[in-house]
Amino acid sequence: MLLKQEIGALILRVVLGLTFFIHGFVKFQGGIENQVGWFESIGLPGFMAYGTALIELIGGILLVIGLGTRFVSTIFVLLMVGATITVKLAVGFLGNGQMAGYELDLAYAAMALYLAINGSKLFAVNQLIHKEDNHSHQLKNMG
């Protein structure tokens, strides 16, 4: 049963990580200045576009490789809640025909919340680091 849960968490981690990475990458590729302008047009400080794009880009990579999964996932939950409240809530669950609703934001938040609560150890860099820490700790206790 535990292996099935870890496989499920791995799938969530990689898919969510890739999704956020691509979102961040596109923000920079399409000209981050456009994002800055859009943030300002909805009443948010323009510099937040840089922060959001960097969080998506770097956080996405960290999730894919399994480094800081719980921390990064918590940040993604907060990001999705913020996006939903500030932008998407007003257009409804499915959107208004001109802008998407918050249905995907809710799904991303749920995926990230699962990972924030449970983590994901399978094929994760964190496991390599913790194994070395545990091994060092065991050697110290032997001496």
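Guide: Start with a term. A pocket is an open set of grid points with protein on both sides, and its lining residues have an atom within 4 Å of a point. Keep in mind that this is a predicted model.

Visitor: How is empty space found?

Guide: Rolling a probe the size of a water molecule over the atoms shows where empty space is left.

Visitor: Which residues line the second largest pocket?

Guide: The lining consists of Gly66, Gly68, Thr69, Arg70, Asn118, Gly119, Ser120, Lys121, Ala124, Asn126, Gln127 and His130. H4 and helix H6 (125-142) each give two or more residues to this lining. H6 gives the most, with 3 residues.

Visitor: What is the volume of the second largest pocket?

Guide: About 170 Å³. Sorted by class, its lining has 9 polar, 2 charged and 1 nonpolar residues.

Visitor: Now the largest pocket. What is its volume?

Guide: The largest pocket has about 710 Å³. Its lining counts 26 residues, and Lys27, Thr52, Glu56, Met80 and Ala83 are the closest to its centre.

Visitor: Which elements give two or more residues to that lining?

Guide: They are helix H1 (2-29), helix H2 (32-41), helix H3 (47-65), helix H4 (69-88) and helix H5 (103-118). H4 gives the largest share, 7 residues.

Visitor: How many nonpolar, polar and charged residues are in the lining of the largest pocket?

Guide: Here 15 are nonpolar, 7 are polar and 4 are charged. Look back at the second largest pocket: 9 of its lining residues are polar and 1 is nonpolar.

Key
Residues are numbered from 1 along each chain as its sequence is written. This is a predicted model: local features need pLDDT of at least 70, side-chain atom pairs count only at pLDDT 80 or more; totals for chains, interfaces and linings use all residues. Side-chain values use heavy atoms; hydrogens and water are left out. On a 1 Å grid over the protein atoms alone, a cavity is a set of points where a 1.4 Å probe fits but cannot get out, and a pocket is an open set with protein on both sides within 12 Å along at least five of seven lines; lining residues have an atom within 4 Å of a point. Grid points are joined across faces, edges and corners, and a volume is the space filled by probe spheres set on the points. Helices (H or I, at least four residues) and strands (E, at least two) are DSSP runs, numbered from the N terminus. Ala, Val, Leu, Ile, Met, Phe, Trp, Tyr, Cys and Pro count as nonpolar, Asp, Glu, Lys and Arg as charged, and the others, Gly among them, as polar.
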